[in-house]
Amino acid sequence: MKRISTHILDLVRGKPAADVAVRLEKQNSSGDWRLLTSTRTDQDGRCPQLLPESENLTAGVYRLIFDTGSYFDVLKVRALYPIVEVTFQGQEGESHFHIPLLLSPNGYTTYRGS
């Protein structure tokens, strides 16, 4: 199965970040971005499958856009980064990308998960 997934962990609260809006986009040959899907993290802070069934995971540039500002607004926490964008390169032959986001009000980090 071809898959792009994510998981958000709120490092300050030590809990998954539930109900965060997440968009997956792919860059086309002209450099424009095409929306593939828009969803929200579940109660465990996960989006287990962002790639639509109608879409193949092909080589190219993808990005995840996380609406972290709205998440922190609900918690009544001032945050530095209202939007987090993670851009990554898909290579031919790859079948799965898991891109976790470790989040706090004043910083974030990401990595390629398994």
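Reader: Which residues does Asp10 touch, not counting residues up to four places away in sequence?
Author: The model is a predicted one, in which local features need pLDDT of at least 70 and side-chain atom pairs count only at pLDDT 80 or more, while totals for chains, interfaces and linings use all residues. Residues are numbered from 1 along each chain as its sequence is written, and side-chain values use heavy atoms, with hydrogens and water left out. Taking contact to mean heavy atoms within 4.5 Å, the residues that Asp10 touches are Lys15, Ala17, Tyr71, Phe72, Leu75 and Leu103.

Reader: Which side chain of opposite charge is nearest to Asp10, and how far away is it?
Author: Asp10 lies in strand 1 (residues 3-10), where helices (H or I, at least four residues) and strands (E, at least two) are DSSP runs, numbered from the N terminus. Lys and Arg count as positive and Asp and Glu as negative, with His and the chain ends not counted. Asp10 is buried, a word that means under 20% relative accessible area, with exposed over 50% and partly exposed in between (1.4 Å probe, protein chains only).

Reader: How many residues apart are Asp19 and Arg40, which meet in a salt bridge?
Author: The side chains of Asp19 and Arg40 come to 2.7 Å, N to O, in this salt bridge. Asp19 is in the loop between strand 2 (15-16) and strand 3 (21-27), and Arg40 is in strand 4 (residues 33-40), so that the pair links distant parts of the chain, with a separation in residues of 21.

Reader: Is Glu25 buried or exposed?
Author: Glu25 forms a salt bridge with Arg23, the closest N and O atoms being 3.5 Å apart. Arg23 is partly exposed, at 35% relative accessibility. Because the relative accessibility of Glu25 is 8%, Glu25 counts as buried.

Reader: Which residue forms a salt bridge with Glu94?
Author: The closest N and O atoms of this pair are 2.9 Å apart, and Glu94 is in the loop between strand 7 (84-90) and strand 8 (96-104). The partner sits in the segment after strand 9 (107-110), 18 residues apart from Glu94, and is partly exposed, with a relative accessible area of 48%. The partner of Glu94 is Arg112.

Terms used
Salt bridge = Lys/Arg side-chain N within 4 Å of Asp/Glu carboxyl O.
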